[in-house]
Amino acid sequence: MKRTLICFTVIGIAVMAGSYAFGADSCTDCHGNEVRMKELGYPQFIVPLTELRVQLRMPASCTDCHLGNFQAPSKEEAHKGMLTLRAVNRKWSALTRAEMPPPDVADWPSLGTRGKNRAAQLGPKRLIDGELKDNPDYRTIIWHDKNPSTLAYNPLIAEKTCGRCHPDHVKGFAKTSMGGAGGVHTQSQYGYWTGPAGPQSCGPWVGTLSQPEQDKFTDEALKLFNTHSTMVMPESAAYNMQRNCNQCHVGCLDCHANPQKNDTTDPRKGVHTIVKKPEPLACYGGGRAFACHAGPLERRRGDGYLRAEFTQATEAGKKILKDMPDVHARKGIACVDCHESNRETNYHGDLRRDVNCSKCHQTGVESHAKGLHKNVDCSACHTALIGGYAFNFWTAGGEPGTENPATRIQDYLVDAVPPVLIKNPRGVWIPVHPVPHTSGNVKADEVKISRRLLFRNKPDAAVERRYVSNDSYAVTGLVKNLDESDHDTMVWLNLDRIAHGMGKSRTCEGCHAGAAQKITTNFSPGSYKDVEDGSYTIIADEKGLRITDFKGPGGGPMAKGLVPLKGKWGLKGNFALPKIKDKKLYGKLKKEYETGKFVH
């Protein structure tokens, strides 16, 4: 029997009128026969009917989810056109088990949770010196509702599988940003560094997907980028960049599949476990890759929800942050408990970016709205420390002749540090993570230096979106002829709003020790030019916001690679915190905070 079949099923399919659901068919006749499967040499693919019923919690058949032909008398005919799990290798090829090298299959006999690292516990493994480790030859795995060529969700496959019983869910999901819909898919609107939407930390969107199957790349987005770049991005590099994005933009199974080890004490646990409500781990990549929301939270924002082994910071920062998951995560609250469905659209998977804290904290929200800190966001106090990126260098990389001008060097991370507090356009103080960025090979005459902080909404940025964003950016400099690779280089700051990693609030001195915010942080070693480890200082005061005081390893001089950028990461403006007007009242409230009597 070929190693192409993994009976892994799509999300909750309800009872279908006239369906044979779990009736006699070649799938269950074969895979439900323990003796036969062992004789064929595939005991890992024994799937008893009783197990399927309990784990799926629905009467769907194998072909309802995997397609194929349940009436075919032979294995070859039954498997024709069948959908199956795939592993994505380093060359971005999505391989079935039959296409994988035999040693890789031998150490990854079936789907299940293996290893201690939840970030990749479902992916291919290798047994090395008796220890099970992640197989470095593979990036991730993709479920069978994604396209093997683009790694993007396939709406038509979903219609043939999940959509047979959930047509409204599938149709609505296709209109959401998670489902890859145009217009509302915010990331796809960042076409080039100097565009009207502004630069974005995750990079330009260079591979538009064909419709309706999203199974091919079209070249209009790539042509747009190359029109505004002084170095041409090759098609292969562009589409591999897009595959990296597409592995995160989800399908049905990414949220609702929850495969795990079989448990004799709990028959609901196993390879075919389907859940109605996605768990936080599903939002973090589902155990198939360190991606999805784990990337933006743990790296870009630094405000991890789960943290633990997902924590991204220097080694010193990890020691502090890894044991500081969000208080809501500690209480077992799922992401979708707070990020509820948008009742205005009723599209399945259209989750609100904003949350209603009063649902659980009504008294606190009401008192806060009347208190001294009514113009301070909850997370400004309750997210005391973050990690995440120290730099993002978008530079030229790759083999000679195939250089990609948008290669991201993102391996620099900061210590556990407090976020910076700024005012959003509504006058509310919010916490942000300022990260210095560069983007090479821009056209110098297109670069517009920002006079103030720009938020990622109209009119500051030409972005169509359903929800107001508190993320912001500022183009702070231009370095002409930086080097032979990046030529004219735009220098900019990315400031993403912090909203997770919540717990015990900052101390009063954390905000009120002075009007100026000064945060000195070490950063871990990286791979940009000669820039190793070191430190820098973020200053936000009445003069502006700036990254300064760069030092090299051991407090030595700054790296030569940073010298042309010195003084470029700075924005004028008043970023000082409010001064204490009533010191007597402040002393009283400070004492109440220290004794646990402080009221919002």
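**Exercise 1.** Find which residues of helix α9 (220-227) are buried, and work out why they sit on the same side.

*Solution.* Start with the ground rules: this is a predicted model, where local features need pLDDT of at least 70, side-chain atom pairs count only at pLDDT 80 or more, and totals for chains, interfaces and linings use all residues. Numbering runs from 1 along each chain as its sequence is written, and side-chain values use heavy atoms, with hydrogens and water left out.

Step 1: pick out the buried residues (under 20% relative accessible area, 1.4 Å probe, protein chains only). That gives A221, L222, F225 and N226.

Step 2: check their directions from the helix axis to the C-beta atoms. They cover an arc of only 135°, so they share one side of α9.

Step 3: look for the cover. It includes β6 (208-209), α10 (235-246) and β9 (404-409).

**Exercise 2.** Describe how β9 pairs with β8 (392-397).

*Solution.* Step 1: strands here are DSSP E runs of at least two residues, and pairing takes at least two bridges. β8 and β9 are antiparallel over 4 bridges.

Step 1: G397 faces N404 of β9.

Step 2: the two strands make a hairpin with 6 residues between them, and G398 in the turn has a positive phi of about 115°.

**Exercise 3.** List what F393 touches, leaving out residues up to four places away in sequence.

Step 1: read off the partners: T407, R408, I409, Y412, T438, Y528, L562, L565 and W569.

How values were computed: Buried means under 20% relative accessible area, exposed over 50%, partly exposed in between (1.4 Å probe, protein chains only). Contact means heavy atoms within 4.5 Å.
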